[in-house]
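Colleague: I'd like to go through this one with you, starting with the charged pairs and then moving on to the cavity and the strands. Can you put it up?

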Amino acid sequence: MPGDLPHPELSEIQLTDVLFALSDPERLAITRQLVGGPLDMAACHATDPNLPKSTKSHFMKVLREAGVIRNEPNGRRRILTLRREDLDERFPGLLDAVLNA
C-alpha cells in the first residue's frame with residue numbers, strides 16, 4: 001500500500017536499537033506521549049516546540065526503525081502507536097523501567 005513504511009518484525013527488534021532510540025530525551029518524550037494511546041503525528045509533539053519538522057520526522061524514523069512505534073497511514077495523515085505488546089514480549093519489563101526512570 002502506498003505510504004507504508006517498513007517496521008521491524010518482532011524477532012528483528014534489537015535491544016541496542018531500542019535503548020538507543022529511547023536514549024534521546026526528545027524521543028523518550030514522544031514515546032511517553034504514546035503510552036496513553038495512538039496519536040495523529042501532527043498532534044504528537046516533541047518537548048521543544050522550536051524543533052524543525054525534519055528533526056521531528058527523524059525522531060519518528062529512529063523510533064520506528066528500532067521497533068518502538070508504528071507509523072501508519074490514515075488517509076492523508078499518519079497515526080503513531082507504541083508497540084508496547086511487542087516490546088513487552090521481546091524485553092519484559094524494559095519499557096516500564098525506561099519510561100518510569
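Colleague: Is D88 buried, partly exposed or exposed?

Modeller: First, a caveat: this is a predicted model, where local features need pLDDT of at least 70 and side-chain atom pairs count only at pLDDT 80 or more, while totals for chains, interfaces and linings use all residues. Residues are numbered from 1 along each chain as its sequence is written, and side-chain values use heavy atoms, with hydrogens and water left out. Buried means under 20% relative accessible area, exposed over 50%, and partly exposed in between, with a 1.4 Å probe and protein chains only. D88 has a relative accessible area of 27%, so it is partly exposed.

Colleague: Which residue does D88 form a salt bridge with?

Modeller: A salt bridge here is a side-chain nitrogen of Lys or Arg within 4 Å of a carboxyl oxygen of Asp or Glu. For D88, the closest N and O atoms of the pair are 3.6 Å apart. Both residues lie in helix α4 (residues 84-90), 4 residues apart, about one turn of the helix; helices are DSSP runs of H or I with at least four residues, strands are runs of E with at least two, and both are numbered from the N terminus. The partner is R84.

Colleague: Which residues are joined with R84 into one network?

Modeller: R84 is itself partly exposed at 24% relative accessibility. It also forms a salt bridge with D96, with the closest N and O atoms 3.1 Å apart. D96 lies in helix α5 (residues 94-99) and R84 in helix α4, so this pair ties together parts 12 residues apart in sequence. Through shared partners, the salt bridges join R84 with D88 and D96.

Colleague: How far apart are the closest N and O atoms of R83 and D86?

Modeller: The structure holds 4 salt bridges, and R83 with D86 is one of them. R83 is buried, with a relative accessible area of 3%. The closest N and O atoms of R83 and D86 are separated by 2.9 Å.

Colleague: On to the cavity. Which residues line the largest cavity?

Modeller: On a 1 Å grid over the protein atoms alone, a cavity is a set of points where a 1.4 Å probe fits but cannot get out, and lining residues have an atom within 4 Å of a point. There is 1 cavity of 30 Å³ or more. By class its lining has 6 nonpolar, no polar and no charged residues, and α1 (15-23) and α5 each supply at least two of the lining residues. The lining consists of V18, L22, L87, F91, L94 and L95.

Colleague: What is the order of the strands in the open sheet?

Modeller: Two strands pair if DSSP finds at least two bridges between them. β1 and strand β3 (residues 77-82) pair in the antiparallel sense over 2 bridges, and L39 stands opposite L80 in β3. The edge strands are β1 (39-40) and β2, each pairing on one side only. The order is β1-β3-β2.

Colleague: Which residues does E72 touch, leaving out those up to four places away in sequence?

Modeller: E72 is found in strand β2 (residues 69-74) and counts as partly exposed at 38% relative accessibility. Contact means heavy atoms within 4.5 Å. By that test, E72 touches H7, R77, R78 and I79.

Definitions and conventions:
On a 1 Å grid over the protein atoms alone, a cavity is a set of points where a 1.4 Å probe fits but cannot get out, and a pocket is an open set with protein on both sides within 12 Å along at least five of seven lines; lining residues have an atom within 4 Å of a point. Grid points are joined across faces, edges and corners, and a volume is the space filled by probe spheres set on the points. Ala, Val, Leu, Ile, Met, Phe, Trp, Tyr, Cys and Pro count as nonpolar, Asp, Glu, Lys and Arg as charged, and the others, Gly among them, as polar.
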